[in-house]
There are 2 protein chains.
Amino acid sequence: MQRNVYLEEKPLPEAQEGYLNFLREKGALKLKRPPEKISAQTACGRVTAAPVFARLSHPHFHQAAMDGYAVKAALTFGASELSPRRLTLGVEAFPVDTGDVLPEGTDAVIMVEDVHQPEPDKIEIIKPIFPYQNVRVVGEDIVATEMIVPANHLLRPVDIGALLAGGVDEVLVYPRPRVVIIPTGDELVPSGTPDPAPGRIIDFNSPMLAELVREWGGEPIRYPIVPDDMARLEEAVRRGLEEGDVVVLNAGSSAGREDFTAPVLRRLGEVFAHGVAIKPGKPVVLGEAAGKPVLGIPGYPVSAVLAAELFLRPVLAALTGQEVPARDKVQAVLSRRIVSPAGVEEFVRVKLGRIGERIVATPLGRGAGMLLTLVRADGILRVPRFSEGFEAGSQVEVELLRRLEEIENTVVVIGSHDLALDIIANFLRLLFPRASLSSAHVGSLGGLMALKRGEAHLAGTHLLDEETGEYNVPYIKRYLAGVPVVLVNLAYREQGFIVAPGNPKGIKDFKDLVREDVRLVNRQKGAGTRVLLDYHLRQRGIDPRRIQGYEREEYTHMAVAAAVASGVADVGLGIRAAALALGCDFVPVAEERYDLCFLRPYWEGKVGEWLRAVLDNPEFRRAVEARGGYDLRDCGRVLYIQEG
Amino acid sequence: MQRNVYLEEKPLPEAQEGYLNFLREKGALKLKRPPEKISAQTACGRVTAAPVFARLSHPHFHQAAMDGYAVKAALTFGASELSPRRLTLGVEAFPVDTGDVLPEGTDAVIMVEDVHQPEPDKIEIIKPIFPYQNVRVVGEDIVATEMIVPANHLLRPVDIGALLAGGVDEVLVYPRPRVVIIPTGDELVPSGTPDPAPGRIIDFNSPMLAELVREWGGEPIRYPIVPDDMARLEEAVRRGLEEGDVVVLNAGSSAGREDFTAPVLRRLGEVFAHGVAIKPGKPVVLGEAAGKPVLGIPGYPVSAVLAAELFLRPVLAALTGQEVPARDKVQAVLSRRIVSPAGVEEFVRVKLGRIGERIVATPLGRGAGMLLTLVRADGILRVPRFSEGFEAGSQVEVELLRRLEEIENTVVVIGSHDLALDIIANFLRLLFPRASLSSAHVGSLGGLMALKRGEAHLAGTHLLDEETGEYNVPYIKRYLAGVPVVLVNLAYREQGFIVAPGNPKGIKDFKDLVREDVRLVNRQKGAGTRVLLDYHLRQRGIDPRRIQGYEREEYTHMAVAAAVASGVADVGLGIRAAALALGCDFVPVAEERYDLCFLRPYWEGKVGEWLRAVLDNPEFRRAVEARGGYDLRDCGRVLYIQEG
């Protein structure tokens with residue numbers, strides 16, 4: 001078997017615009033199935049294939065617009081306080097309620113408030129009324145034959161109301177474009193497989209792509225997984241071209257030994273582009289077969305979402321005469337430097353937060369396989385093709401994935417990672433549906449530096465001062481001199497060795513770390529846990545260079561525990577809760593204090609108000625304690641206040 | 001039977017906030033049904049009832065991140081161009097594709113590009129690799145037990161992907177709130193009734209409210225129509241309280257003789273408010289029964305939509321821990337004066353258009369029954385409770401109903417009404433999916449004045465100059481002196497008498513209009529058709545005061561034809577197409593020229609480009625001619641250019 005030719009690197013605008021033009025020329029931007037006539041009552045969210053004209057007027061008769069009495073206006077002319085006019089009920093005046101039909105011969109309605117009833121069968125009025133006063137005339141809203149909505153109109157609830165009001169019960173709409181999704185790859189197992197073996201990957205891309213298709217107005221048809229076999233893939237694509245309006249293959253779109261998308265498409269139709277200069281998402285295949293669009297979407301999940309968004313979505317829109325709405329944008333200040341390869345347009349996921357007057361953008365992990373970063377992202381920062389990135393502090397334009405309003409209500413915490421932050425996030429949302437929490441893990445010292453640069457509302461920190469044995473305060477005095485902050489305790493927690501179940505290597509003390517059969521997984525520089533480790537090593541005179549794996553750095557307790565659980569390392573220093581979470585054993589070595597350091601204006605504003613409510617919540621405290629290794633005796637207590 | 005007490009006028013913020021607090025105190029802002037466990041694959045659009053934690057890590061094994069050879073990194077240390085290192089395939093180096101599991105004992109992947117193969121079973125490398133290079137380690141994306149999404153989170157496609165990637169196949173979500181919709185009123189007939197009798201109204205509110213409920217994440221349950229009978233209504237509400245989480249009655253929420261919502265609710269539970277100081281939508285009923293929210297929504301369709309939006313939507317959101325997103329807003333310049341009663345907050349529907357540097361807001365019809373205005377509206381302008389309105393030219397804040405992007409691509413035509421404008425709107429959208437047309441009907445002269453004030457891109461005009469017999473140009477010279485414009489013909493069209501089928505009154509000439517048995521329906525002052533009528537009356541020396549109905553003014557040809565078709569009037573002057581559309585007869589009296597007058601910068605920009613393409617389109621021309629009475633011999637021809 002052979003590797004494909006290397007991928008092209010078509011620039012994005014050329015690829016997007018060019019692909020639509022290519023499909024248009026091939027006649028592949030038109031649905032092959034005819035429009036369908038459906039009940040107007042079920043047409044919400046569908047797109048009209050023809051203009052819709054009213055069949056009836058609305059109202060279709062003259063209608064009382066008030067509760068009162070219908071009369072012929074001419075009979076009231078001349079009425080005044082001095083010469084009241086009496087009208088006989090049932091002959092000259094007829095009681096009507098709002099919405100009633102105007103009785104024959106009447107053309108106006110006197111409001112009930114303007115009427116006296118001196119005799120049982122008569123009413124008296126003291127002012128005249130003009131014709132059609134308090135009457136909704138025929139067609140006031142809709143005139144029969146008037147156009148209610150044009151073709152290519154996405155029907156909303158009010159449109160449905162207007163169609164039905166205009167006597168239109170059926171409406172001609174485009175069929176929802178059927179998108180056949182073909183998952184390919186020997187390694188794939190269907191979602192729902194309880195414990196996939198090593199080497200097996202859950203096919204979560206198909207259901208995710210299916211939901212995107214649905215969101216974009218299409219009808220997904222998911223095929224079973226096709227193994228890496230050219231003939232079987234070709235067979236599946238052939239079937240997809242019969243059944244669907246668009247065919248999507250996921251993955252096999254790269255140029256590896258088993259990437260068959262491009263070769264199959266070349267056999268059945270034509271490839272417009274193989275490879276686009278974007279990151280992630282480069283190995284995309286754009287083509288056409290049997291007059292229908294066929295797309296090869298890369299396998300890494302972030303690439304898959306991005307490629308679908310950039311190429312599949314415009315195709316679906318065009319098939320029903322729609323355009324993809326542009327994302328809202330916001331100006332933000334970049335909190336960290338981004339270096340990006342020139343020659344590709346990179347899509348960097350960012351967290352956003354309102355810190356004082358600025359919206360601050362903090363880049364998230366950039367790997368194409370890091371789907372959770374897309375779940376957590378507030379926006380996308382595009383690094384243009386001929387740029388090599390942005391310096392920290394740059395003014396950048398960010399495309400919003402969440403509403404600006406939500407971002408304004410996001411609490412931004414940057415610093416040391418603790419599992420309790422997840423629990424804070426959850427309770428914050430429960431107690432204040434408007435609020436949310438965004439946390440970036442850069443270690444305790446990184447968090448304090450972020451506060452200094454005004455990039456967060458608060459930082460999580462557990463920095464032990466070797467000289468005084470005191471936590472956090474000496475660091476705040478040193479690194480945040482002159483910055484007004486409030487230090488509040490979150491919890492005391494146990495730190496210790498996270499080891500494999502049963503502690504097979506018998507690790508009990510720091511001196512065990514230098515053993516030849518012991519591999520460490522470490523935390524990054526600036527992390528409180530790293531400071532703790534270095535403190536203990538120095539106290540014992542242990543040279544870190546003698547420790548295997550000392551240079552292998554992870555950014556979270558969970559990642560350390562995961563390294564131990566998977567056998568990559570034998571030991572890491574971390575918190576008990578992380579060990580428990582991944583079924584590891586735990587050898588305690590110290591209790592440490594984990595605090596939240598607030599910039600003072602935020603502690604005194606809504607951020608502080610929200611977080612105090614969470615920290616004081618008994619259910620929150622129980623939830624944290626249940627994780628194991630936490631002591632909340634001082635939770636919420638103010639430990640230190642620094643004036644500005 | 002008795003009328004209810006008069007309605008309150010509770011201020012809106014008090015009603016909105018107060019109602020939620022009232023429900024909260026009654027325990028009615030919590031769903032009575034427990035959360036449900038559903039397949040993650042079907043959970044898109046649902047709201048989590050608990051935080052979701054990963055069951056598996058993703059990846060759950062060390063995975064090759066490149067195509068190449070898996071090796072133990074230590075074996076490569078020291079490799080260089082001078083001392084290449086050879087590794088035996090199947091023993092020290094193993095071929096892997098991206099995504100493959102790392103073979104036992106290996107910890108790094110050498111890219112295929114960096115490898116030579118001097119012997120069949122050996123590879124050679126000339127640089128070392130460090131541990132975990134080109135490897136996706138366990139948990140790189142998601143670490144088992146990590147929180148993927150918090151509670152009260154609205155699940156999106158990427159969330160579904162992340163849940164499945166984290167081995168979460170089932171997720172605990174709130175049930176969709178069930179909203180029982182009870183249509184009430186003796187006058188109602190179900191949608192789909194082909195030709196409702198006079199006095200009967202199609203119940204289009206129920207399906208419209210149902211679609212709104214669905215859009216807001218609820219599950220609508222539509223009840224059959226309940227007549228105006230207190231006992232039967234009470235029975236329906238009782239049943240609704242058993243079956244639904246929320247009960248909505250439509251209409252019967254006012255204080256008329258047959259408005260039973262408030263009385264029924266007082267029997268079954270409690271009324272928090274009856275009447276809110278808003279327009280439209282005042283007669284709303286907000287209450288609670290059996291621990292569930294019950295709302296009486298007014299019957300006029302615009303009131304119904306507005307009341308549902310203001311009161312039902314926040315209730316539905318709160319039931320699943322959500323907040324209603326605020327609408328985007330835009331600053332606009334008001335094109336016409338708005339007078340609004342003090343004491344109520346009025347919601348005025350407006351059309352928006354980008355005219356030069358400004359967004360111009362033009363108010364639409366304000367009747368609570370005018371649903372089509374809501375279909376056509378681009379935004380809502382709130383006139384505050386203690387304001388009596390805004391002057392023309394005021395800077396106002398408008399809540400957007402369409403995306404600003406769409407508004408930027410809207411062609412704004414203000415002026416005389418012609419049916420061909422509907423057809424232009426339709427073809428514009430077909431040819432340019434991004435574009436749309438907004439037309440406001442204020443008569444020919446009104447259109448020219450709107451151009452002068454910079455409130456439109458173009459105006460439709462057919463103004464006959466009595467002295468010269470020339471169309472439009474004399475008026476442009478007089479009213480638009482110094483304004484650069486381009487005048488383009490749309491069509492010649494027949495004007496004549498629109499009369500009842502068979503012309504029962506035998507109307508043939510203008511002198512018939514003064515007959516005692518003939519009632520005219522007229523067009524408003526400034527309309528080209530009104531100018532035409534006045535011209536002919538003057539030529540014949542007919543005093544308009546002798547004509548019955550001369551003062552009854554309508555704003556469109558269709559409204560004139562509707563008045564004749566319904567018997568309100570015997571004759572009106574108008575175009576043949578309007579007569580044909582409503583089945584009236586037509587007595588031609590003149591051919592007139594209908595032109596489009598463009599402000600010159602727009603004629604030369606994209607607006608002109610779009611409209612030229614439409615006017616030149618043969619299918620468009622056929623569609624207009626098919627309406628009858630049109631001659632397109634000069635369609636698209638530039639007739640006059642005025643320099644600035």
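**Entry 1**

I started with Lys26(B), which counts as partly exposed at 35% relative accessibility. A reminder to myself: I am working with a predicted model. Glu270(B) is partly exposed too, with a relative accessible area of 35%. I then looked up how these side chains pair, and Lys26(B) and Glu270(B) meet in a salt bridge, 2.5 Å from N to O. The pair links distant parts of the chain, 244 residues apart. Lys26(B) sits in the loop between helix H1 (12–25) and strand E1 (36–39) of chain B, while Glu270(B) belongs to strand E18 (residues 269–274) of chain B.

**Entry 2: another pair in chain B**

Next I checked Asp378(B) and Arg402(B), whose side chains form a salt bridge at 2.4 Å, N to O. I found Asp378(B) in the loop between helix H7 (371–376) and strand E26 (379–383) of chain B, and Arg402(B) in the loop between strand E28 (395–400) and helix H8 (404–408) of chain B, so the pair ties together parts that are 24 residues apart in sequence. Are these two residues buried or exposed? Asp378(B) and Arg402(B) are both buried.

**Entry 3: over to chain A**

I looked up the total, and the structure holds 108 salt bridges over all chains. One that I followed up joins the side chains of Arg267(A) and Glu234(A), at 2.6 Å from N to O. Arg267(A) is part of helix H5 (residues 261–268) of chain A and Glu234(A) is part of helix H4 (residues 230–243) of chain A, so this bridge ties together parts 33 residues apart in sequence.

**Entry 4: where the chains meet**

How many residues does the contact take from chain A and from chain B? I read off 109 from chain A and 109 from chain B. Together the chains bury about 8,900 Å², 56% of it on carbon and sulfur atoms. Gln41(A), Pro157(A) and Leu372(A) supply 6% of the area that chain A buries against chain B, more than any other three residues.

I looked for salt bridges across this interface, and the rule finds six. Arg55(B) and Asp195(A) meet in a salt bridge through their side chains, 3.9 Å from N to O. I also noted 30 residue pairs in polar contact between the chains. Helix H2 (residues 157–165) of chain A gives the largest share of the side that touches chain B, seven residues. I sorted the residues on that side of chain A into 57 nonpolar, 22 polar and 30 charged.

**Entry 5: helix H9 of chain A**

My last stop was helix H9 (residues 419–431) of chain A, which has 13 residues. From its first C-alpha to its last, H9(A) reaches 19 Å, close to the 18 Å expected at 1.5 Å a residue. Eleven of its 13 residues are buried, so H9(A) is largely enclosed by the rest of the structure. Among the buried ones I listed Leu419(A), Asp422(A), Asn426(A), Phe427(A) and Arg429(A). At the start of H9(A), I saw a side-chain oxygen of Asp418(A) reach to within 2.7 Å of the backbone nitrogen of Ala420(A).

How values were computed:
Residues are numbered from 1 along each chain as its sequence is written. Chains are lettered from A and ligands numbered from 1 in the order in which they are written. This is a predicted model: local features need pLDDT of at least 70, side-chain atom pairs count only at pLDDT 80 or more; totals for chains, interfaces and linings use all residues. Side-chain values use heavy atoms; hydrogens and water are left out. Contact means heavy atoms within 4.5 Å. Buried area is the accessible area (1.4 Å probe) that two parts lose on being put together, summed over both. A salt bridge is a side-chain nitrogen of Lys or Arg within 4 Å of a carboxyl oxygen of Asp or Glu. A polar contact is a pair of N or O atoms within 3.5 Å; within protein, one must be able to donate a hydrogen and the other to accept it, and residues adjacent in sequence count only if both atoms are side-chain atoms. Helices (H or I, at least four residues) and strands (E, at least two) are DSSP runs, numbered from the N terminus. Ala, Val, Leu, Ile, Met, Phe, Trp, Tyr, Cys and Pro count as nonpolar, Asp, Glu, Lys and Arg as charged, and the others, Gly among them, as polar. Buried means under 20% relative accessible area, exposed over 50%, partly exposed in between (1.4 Å probe, protein chains only). The expected span of a helix is 1.5 Å times one less than its number of residues.
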